[in-house]
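Let's walk through this structure together, from its open spaces to its charged pairs. Keep the viewer at hand as you read.

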Amino acid sequence: MALTRGTPVIAGVLLAAGGGRRLGGRPKALLEDRGSPLVEHAVRVLRDGGCDPVHVVLGAADEEVRALADLSACTVTVNPFWEQGMGSSLRAGLASLAGADADAALVLLVDQPGIGAEAVARVRSAYRSRTALAAASYAGERGHPVLFGSDRWTDIAAGAVGDQGARAYLRAHRDAIRLVECSDVAQAYDIDTAEDLKHLE
């Protein structure tokens, strides 16, 4: 009989490869909020929310991001196909966990700085087994972060194409998703356009 460990290993996966096309080509990872790049802010959010290890997927201007942001305590993967959309970055992030012996991956997007550690911790706490599927919800609408039990990674990666990420998989398995309400502790806005920069401090 296999031994079971007490505390599950929930890895944080930060998708930070976007090139900020609608922001004039400014990599989203390097946009500043409260004095630090968004990528550093998001790594802290994952760690403070209880995720360990933390894997970061870079793409656009990856050398500049690594030079300007402190990612020393993370496993960094560069997605050479980042222009194909979020699906390729999700595949790269899940693939990077191959040797991490993690029970689940909690996926966060770098361009949602209104989501903090408390929301991450809530979604993380929804883990029950390696078939777990959980997501933050905002007034009943599914959003990020999302938690994927490791038994689901292969199928999720297979369907992660274009900008859809895991959307098709989540739609097909909606009845299995444990929704965790987070609208009282987080705001799920995206930094996509110049107008959205008003959210940054």
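Is Asp 103 buried or exposed? At 6% relative accessibility, Asp 103 counts as buried, where buried means under 20% relative accessible area, exposed over 50%, and partly exposed in between, with a 1.4 Å probe and protein chains only. Before going on, a word on the ground rules: this is a predicted model, in which local features need pLDDT of at least 70 and side-chain atom pairs count only at pLDDT 80 or more, while totals for chains, interfaces and linings use all residues. Residues are numbered from 1 along each chain as its sequence is written, and side-chain values use heavy atoms, with hydrogens and water left out.

Asp 103 has a partner: its side chain meets that of Arg 130 in a salt bridge (2.7 Å, N to O). The term stands for a side-chain nitrogen of Lys or Arg within 4 Å of a carboxyl oxygen of Asp or Glu. This pair links distant parts of the chain, with Asp 103 in the loop between helix 3 and strand 6 and Arg 130 in the loop between helix 4 and strand 7, 27 residues apart. Helices (H or I, at least four residues) and strands (E, at least two) are DSSP runs, numbered from the N terminus. Arg 130, at 28% relative accessibility, counts as partly exposed.

By this rule there are 10 salt bridges. Another one joins the side chains of Lys 28 and Asp 111 (2.7 Å, N to O). Lys 28 sits in the loop between strand 1 and strand 2 and Asp 111 in the loop between strand 6 and helix 4, so the pair ties together parts that are 83 residues apart in sequence. Both partners are buried, Lys 28 with a relative accessible area of 12% and Asp 111 at 9%. Together with Asp 192, they are linked in a network of salt bridges.

The largest pocket has a volume of about 1000 Å³, and of its 34 lining residues, the closest to its centre are Lys 28, Met 86, Leu 109, Asp 111 and Asp 163. On a 1 Å grid over the protein atoms alone, a pocket is an open set of points with protein on both sides within 12 Å along at least five of seven lines, a cavity is a set where a 1.4 Å probe fits but cannot get out, and lining residues have an atom within 4 Å of a point. Strand 8 gives the most to the pocket lining, with 5 residues.

What about enclosed space? Helix 1 supplies the largest share of its lining, 4 residues.

Finally, look at helix 4 (residues 117-124), whose buried residues are Ala 119, Val 120 and Val 123. They cover an arc of only 100 degrees around the axis, which puts them on the same side of helix 4; the arc is that of the directions from the helix axis to the C-beta atoms. These buried residues pack against helix 1, strand 6, strand 7, strand 8 and strand 9, with contact meaning heavy atoms within 4.5 Å.

Note on methods: Grid points are joined across faces, edges and corners, and a volume is the space filled by probe spheres set on the points.
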